[in-house]
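Try each task before you read its solution.

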Amino acid sequence: MEESSSDCVLLAPKAGTISKISSIINGSISGGDAVITVNVNGGESDIPETLTITNSSTAGTIHSCTPGSNNTVTAGQYISLTTDGVSTGTVRAEFTIEITH
């Protein structure tokens, strides 16, 4: 996902519970935090815990969150990650989503 307002979608490879979401960025952000919202399969409610890439983070910075609800998936469902677009600079973020069962 590239920063400023953007989103990405991926498929859950197995059924289970999203237990952790982590990110690492390849550059520096400024202008504000980049708040990443996660949703499973287009459901009515997002996972309430957001992943926040803090303002002034630099390349190699890792952030994570631990979802507590709305975080179960079945194999093949999609998971979308959307940034609020508040931060500035074009920075690529890579994500890891841990699914436990």
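**Exercise 1. Is Gly27 buried or exposed, going by its relative accessibility?**

Before starting, note that this is a predicted model, in which local features need pLDDT of at least 70 and side-chain atom pairs count only at pLDDT 80 or more, while totals for chains, interfaces and linings use all residues. Residues are numbered from 1 along each chain as its sequence is written, and side-chain values use heavy atoms, with hydrogens and water left out.

Step 1: recall the cut-offs: buried means under 20% relative accessible area, exposed over 50%, and partly exposed in between (1.4 Å probe, protein chains only).
Step 2: Gly27 counts as buried because its relative accessibility is 15%.
Step 3: find its place in the chain: Gly27 lies in the loop between strand E2 (16–25) and strand E3 (34–40). Strands here are DSSP runs (E, at least two residues), numbered from the N terminus.
Step 4: look for its neighbours. Leaving aside residues up to four places away in sequence, Gly27 touches Ser57, Thr58, Ala59 and Val91, where contact means heavy atoms within 4.5 Å.
Step 5: compare with Thr72, which is 45 residues from Gly27 along the chain; their C-alpha atoms are separated by 32 Å.

**Exercise 2. In what order do the 4 strands of the open sheet lie?**

Step 1: the order is E1-E7-E3-E4, with antiparallel pairing. Two strands pair if DSSP finds at least two bridges between them.
Step 2: the edges are E1 and strand E4 (47–53), each of which pairs on one side only.
Step 3: ignoring direction, neighbouring strands of this sheet are turned by 25 degrees against each other on average; the axes are lines fitted to C-alpha atoms, and angles run from 0 to 180 degrees between N-to-C directions.
Step 4: zoom in on E3 and E4, which run antiparallel and are joined by 4 bridges. Val35 stands opposite Thr52 in E4, and Ile36 has Leu51 as its bridge partner in E4.
Step 5: E3 and E4 form a hairpin with 6 residues between them, and Asn41 in the turn has a positive phi of about 55 degrees.

**Exercise 3. Which residues make up the covered face of strand E5 (residues 62–65)?**

Step 1: in a regular strand, side chains alternate between the two faces of the sheet.
Step 2: His63 and Cys65 form the covered face of E5, and Ile62 and Ser64 the uncovered one.
Step 3: E5 runs antiparallel to E2, and 4 bridges join them; the bridge partner of Ser23 in E5 is His63.

**Exercise 4. How many salt bridges does a search of the whole structure find?**

Step 1: a salt bridge is a side-chain nitrogen of Lys or Arg within 4 Å of a carboxyl oxygen of Asp or Glu.
Step 2: the search finds 1.
Step 3: the side chains of Glu94 and Arg92 meet in a salt bridge, at 3.1 Å, N to O.
Step 4: Glu94 is partly exposed, with a relative accessible area of 44%, and Arg92 is partly exposed at 38%.
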